[in-house]
Amino acid sequence: STSCITALREMDFASLALLERYNIPNTGIGGSPRMVIMWGMDTAVIHLLGLLWFNWLLQHATELSDVAFQKWIAWPIAVSAVVGVLLALYQGLFDISFLNVGAFPSILRAGGSLFDANASGAAAAMWTAGLLAFIPRSRIERAAALAGAMACWGGLWMSGSRTALASACIALGAVGVSAVTRMGQVRRRGWRAIGVLAALLVAVLLLPGTAGSPLQRLKDTLPSEFTREALGSFAREMWNRNGYGAAATTLIEQHPAMGVGIGLFNLSGAALPTSIAVGLPADNAQNWCRHHVAVLGFVGAAGLLIGTVVFGVFLIRTSADGERRIPAAALKGSLVGLGLISLVGMPTQSLPVTMTFWMFAFWYWRLVQPSWQASTTDALGIASWSLLIGVLGTYAVTMLVLARGEQRPAMRAAIGEWRYTYGIYDPKIPAPEGLIQRWTERHGVAVVPNDAPWMTLAVRAQHPDLQKQPVKVRVLVNGRTVVNRTLNVDMPITYAIDTGTAKRAIIETHVDRTWRPAGIPPRHP
């Protein structure tokens, strides 16, 4: 519902025609209503699909045996991930421009099958350890898992992703710690397999190729000297992330409770009329939690923040036993690694990464379930449902009020001082000197410069049948109705309007019918 309200807001609650006929900038750096709505819906759908996938797994895969779960769910996804990273390997080893889009070829990073080096790196990092979570039933299965893990490590390396490298190291470190704690219990061939995998992973680091190394990129990021000032500057940069973090902080300060609307940060953050974001290309907040607080507010993001803490505590307090211990550690390491790099990035904005995360979460729960007792009551009571519905209803109503008020696109344009208009246009007919003449459709909005505290506004209808069919006209300036009358004579009626001291004024017109003189071409988008 919140996505629908945001979509209606970006259309100014006017007409679907805004999605087709007009190229209107809804932010200071562009972004038409269609673009903003599609991006917001895409973002929402990615995470809704992830939640539905997790819910489906809980309902239909809980009772499966380990063999059936691995065969029908885990292995198919793992194979698709490995096939995807093979493209990144080819790009990095042989042709960095092959099926590699955007800026990634120019910075020597392989985008892989996800066409995004960061997302491909994150997925590869998860499966580098995730493939060790399989409980092998045969030598072929064990060999396939080790080969796949090596391929994923290579794909990660070719992506050049520093955060993916950190995530993989955390996950593999968890596997190593778990293996050490089981020393004496792991069979000799198990240690031999781990040793072979480690050697192969190291060998990948030495592969020549066309892609940039994540270690080199990480080295370029770290301060050249470890002084207090240099470390402080490095920490501030990691927090602000080229200005995106600072932009998110500014938006949170401006809209702490409700946020700016799902999908709108990428453009509105880069469009802030402040020095922190000047010249930034559109991008996310480089921090998962901060991004969602910026777009949803603390009220809207409360579920995400609370759920993250609860799930984190669950990971800390649980582990598996016996032959499940190392697989559970691999999954836990992958989940923790992805969570930590989400503090300096947004890897789960990619659907494959999101689906993998939820599958790993379910898989880990399966592995530790025998040693972890869940609550016997899963259903919410009446009080809980009432509280939940009350919070959601209040949030939706508040969003609706703000969407018709201070977060309306025209209001944002007036504050941000960019051109925003639809339904009011220049008829290309010379106007008397000193005057600006505009025609209006049945509904029009224009954000115009406000050079003085008073505006002279003349309203006129030129319909040839005015006396028989008068035209009803309503004009609002800055949300206040200044004209509301019926015109039955072809004469301009002039008003003096107090527009205040703001640098932009919002003019909105409503007429019950329009007319175009002969010889005047129709308005085109």
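**Exercise 1. Work out how enclosed helix H4 is, and how H4 starts.**

Step 1: count the buried residues, where buried means under 20% relative accessible area, exposed over 50% and partly exposed in between (1.4 Å probe, protein chains only). Of the 14 residues of H4, 13 are buried, so the helix is largely enclosed by the rest of the structure. Keep in mind that this is a predicted model, in which local features need pLDDT of at least 70, side-chain atom pairs count only at pLDDT 80 or more, and totals for chains, interfaces and linings use all residues. Residues are numbered from 1 along each chain as its sequence is written, and side-chain values use heavy atoms, with hydrogens and water left out.

Step 2: get the span. H4 covers residues 117-130 and reaches 19 Å from its first C-alpha to its last, close to the 20 Å expected at 1.5 Å a residue. The expected span is 1.5 Å times one less than the number of residues. Helices (H or I, at least four residues) and strands (E, at least two) are DSSP runs, numbered from the N terminus.

Step 3: look at the N-terminal end. Asp 116 caps it, with a side-chain oxygen 2.8 Å from the backbone nitrogen of Asn 118.

Step 4: Ala 119 sits in H4 and is buried, at a relative accessible area of 6%. Skipping its neighbours within four places in sequence, Ala 119 is in contact (heavy atoms within 4.5 Å) with Leu 114, Ser 350 and Val 353.

**Exercise 2. Describe how H1 packs against H2.**

Step 1: Two packed helices are described by the angle between their axes and the distance between the axes. Here axes are lines fitted to C-alpha atoms, for helices over the stretch in contact, and angles run from 0 to 180 degrees between N-to-C directions.

Step 2: read off both values. The axes of H1 (residues 2-10) and H2 (residues 33-60) come within 9 Å and cross at roughly 170°. That makes H1 roughly antiparallel to H2. The cut-offs: under 35 degrees is roughly parallel, over 145 roughly antiparallel, 65 to 115 roughly perpendicular, and the rest oblique.

Step 3: list who touches. H1 brings Ser 3, Cys 4, Ala 7 and Glu 10, while H2 brings Pro 33, Val 36, Ile 37, Met 41 and Ala 44. By class, that is seven nonpolar, one polar and one charged. For the classes, Ala, Val, Leu, Ile, Met, Phe, Trp, Tyr, Cys and Pro count as nonpolar, Asp, Glu, Lys and Arg as charged, and the others, Gly among them, as polar.

Step 4: widen the view. The buried residues of H1 are Ser 3, Ile 5, Thr 6, Ala 7, Arg 9 and Glu 10, and they pack against H2, H16 (382-403) and H17.

**Exercise 3. Find residues with a positive phi and say where they sit.**

Step 1: the background. Most residues other than glycine have a negative phi.

Step 2: the cases. Leu 99 has a positive phi of about 50°; it lies in the loop between H3 (66-93) and H4 and is partly exposed at 48%. Glu 417 has a phi near 65°, is found in the loop between H17 (409-416) and strand E1 (420-425), and is partly exposed at 37%. Asp 12, which follows H1, has a positive phi near 60°.

Conventions:
Polar contact = N/O pair within 3.5 Å; in protein donor to acceptor, adjacent residues only side chain to side chain.
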